[in-house]
Amino acid sequence: MNEQISFIVDIQNIDLELLKFEESLKKINNEIDELRNGINLKKSEHEKLNEELAELNKKISGTEVEIQTFDDKLNKMKDTQKLIKTNKEYNALQKSIKDTEALKKKAEGELIMLAENHTALNDKINLIQKESEDLQLSLSSKDAELKNKEKEFELSKEDFLSRRETAKSKIKKNYLDIYETIKIRKGFPAIAPVLQSGACTGCYRMLPPQQFNELISENVFMQCPICSRILYIENVSQETGAEESSSSQKTSKKTSKTRV
Ligand SMILES: [Zn+2]
């Protein structure tokens with residue numbers, strides 16, 4: 001392979017390693033944001049349910065007072081009963097007692113219903129509390145994961161950068177400029193292998209046969225006429241169609257080459 005081309009492949013592999021690191025940091029940061037949002041959501045849900053619970057407690061106390069009032073009234077009426085002289089008075093009082101008992105029964109029914117709601121609401125609050133705690137635990141471990149990853153990144157960054165500087169110093173300035181420009185405009189790959197079929201793996205379009213033949217001579221710096229990516233022919237015999245797996249394979253291969 002053309003030496004310059006192999007240096008550009010090297011710098012791209014280093015840049016891909018850096019990118020992979022940065023992306024994994026970004027991923028963890030996104031997960032942390034999601035967890036924080038989840039926790040905030042649970043928090044506001046929890047607050048809302050607590051307000052509902054306070055309202056329900058008020059209703060329960062009110063109903064209990066109501067039942068007590070009916071009881072007092074019934075006791076009083078039963079005391080009065082002993083002093084009654086006429087049938088008419090007696091019947092009227094009986095009716096009042098019956099009505100009050102019916103009202104008391106209704107209030108007791110309501111109290112049972114409110115108590116059931118209270119239990120259900122409490123269960124809901126406990127569940128949310130638990131979910132919130134689980135999210136909090138996940139957040140703590142994600143935070144720890146991020147710190148580790150950042151530390152790892154910090155430790156290897158110097159190595160990355162010095163390797164990159166070494167690779168960079170070997171590349172002709174105009175080639176490097178082209179590489180950097182394509183990298184910014186198109187993203188990776190900025191330098192792309194050409195398949196045996198003659199297709200550029202950057203855009204998967206076929207190169208004109210003459211250009212392909214010229215490239216096979218391995219002595220030219222060439223850009224794809226369609227996507228502008230820098231082109232090269234891989235030395236390895238096995239061609240892989242899948243761009244991603246092929247580039248990760250190369251990453252390890254070329255990295256070890258750089259270190260030698
Ligand atoms: Zn192309």
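**Close-ups of a predicted model**

**View 1. Leu231 and its contacts from elsewhere in the sequence.** Skip the neighbours within four places in sequence, and Leu231 is in contact with Ala192, Val194, Cys200, Leu215, Met222, Gln223 and Cys224. Keep in mind for every view here that this is a predicted model.

View 2. As background, nonpolar side chains tend to be buried together in soluble globular proteins.

**View 3. The strands, with strand 3 paired to both strand 1 and strand 2.** Strand 1 and strand 3 run parallel, over four bridges, and Ile191 has Ile230 as its bridge partner in strand 3. On the antiparallel side, strand 2 (residues 222–223) pairs with strand 3 over two bridges. Here Gln223 is the one with Ile230 as its bridge partner. Six residues sit between the strands in the hairpin of strand 2 and strand 3, and in that hairpin Ser228 takes a positive phi near 70 degrees.

**View 4. Helix 1, end to end.** This helix has 79 residues and covers 116 Å from first C-alpha to last, close to the 117 Å expected at 1.5 Å a residue. Where are its buried residues? They are Ile5, Phe7, Ile8, Val9, Asp10, Ile11, Gln12, Asn13, Ile14 and Lys42.

**View 5. Helix 2, with its bend at Ser156.** Helix 2 (residues 87–170) has 84 residues and reaches 120 Å between its first and last C-alpha, close to the 124 Å expected at 1.5 Å a residue. At Ser156 the helix bends by about 35 degrees. Its buried residues are Leu135, Arg163 and Ala167.

**View 6. Stepping back to the whole chain.** There are five helices and three strands, and the pattern along the sequence reads α-α-α-β-α-β-β-α. How much of the chain counts as buried? The figure is 13% of the 260 residues. Take the contacts between residues at least 6 apart in sequence, and 76% of them join residues at least 24 apart.

Notes: Residues numbered from 1 in each chain as written. Predicted model: local features only at pLDDT ≥ 70, side-chain atom pairs only at ≥ 80, totals over all residues. Contact = placed C-beta atoms within 7 Å. Expected span 1.5 Å × (residues − 1). Buried ≥ 20, exposed ≤ 12 C-beta atoms within 10 Å, placed from the backbone. Pairing = 2+ DSSP bridges. Bend = angle between axes of the 7 residues up to and from the residue.
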